[in-house]
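Me: I would like to go through the aromatic residues of this structure. Please show it first.

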Amino acid sequence: MLALGLVLGGCATPDAATSAAAPRGGSAAIPSYLTLPTGCAVLAGGGIGSLFADEQATAIWDRINATLTAELHERLLRDRQYRVIRFTVPTQRTGKAEDLVLAQLAEQRCNRLIQVSHQIAEDGAGRHFRFDIALFRIDPKPGHEAMAAAITVVTTAEFKHSYRYARTQQSLDDFHAGDFAEQVFADLTKSGVLAPLR
């Protein structure tokens, strides 16, 4: 689960291993949906991103993230018949939601994760806010079929893109959730990674 936690924190390598608990008293059988070339995706957003000392600031950015995630799901992915289930991470779990996302992937029997994360920071180029979109394929790790305690899976990044904006009042005023979702959807479509979700 640590690797998926790193994914949610935006620090994962393109291939990272994580574990899911096996059924009690037996060996972990690999669920068939993990081995299919097609499937569904959990679209996770909300409390995936920067955590502030000020809880109100954390909640504001989590709501912005959740709004963008909803726009991407309702107006674009769902309307165009992609098999995507939206999941909003609550603010109380910002920065520590990997178990919730793992549970959603298992419950929905999805072999892909689309993650919407946000970063609010300052660097040499100035104050900015950034949204990172990533699509990960979840595969069983070869050689771990016989493990009794867990199923080990590998998360492989099939798409990663960052959208950075200057953190100014003008930039915030000009930012529109619908336009952003349209751009993300266009980039995902162009990359071809959505095809297995039909």
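**Aromatic pairs**

Me: Is F129 buried or exposed?
Reply: F129 is buried, at 1% relative accessibility (buried means under 20% relative accessible area, exposed over 50%, partly exposed in between, with a 1.4 Å probe and protein chains only). This is a predicted model, in which local features need pLDDT of at least 70, side-chain atom pairs count only at pLDDT 80 or more, and totals for chains, interfaces and linings use all residues. Residues are numbered from 1 along each chain as its sequence is written, and side-chain values use heavy atoms, with hydrogens and water left out.

Me: How many aromatic pairs are there?
Reply: The structure holds 10 aromatic pairs. Rings of Phe, Tyr and Trp (its six-membered ring) pair if their centres lie within 6.5 Å; planes under 30 degrees apart count as stacked, over 60 as edge-to-face and the rest as tilted.

Me: Why does the pair of F129 and Y165 count as stacked?
Reply: The ring centres of F129 and Y165 are 5.2 Å apart and the planes are at 20 degrees, so the pair is stacked. The two residues are 36 apart in the chain, with F129 in strand β5 (residues 126-140) and Y165 in strand β6 (residues 150-166). Y165 is partly exposed, at 25% relative accessible area.

Me: And what about Y163 and F180?
Reply: Y163 and F180 form an edge-to-face pair, 5.3 Å centre to centre with 80 degrees between the planes. Both residues are buried.

Me: Which residues form the aromatic cluster?
Reply: One cluster is formed by W61, F129, F131, Y163, Y165, F175 and F180.

Methods
Helix = DSSP H or I, 4+ residues; strand = E, 2+ residues; numbered from the N terminus.
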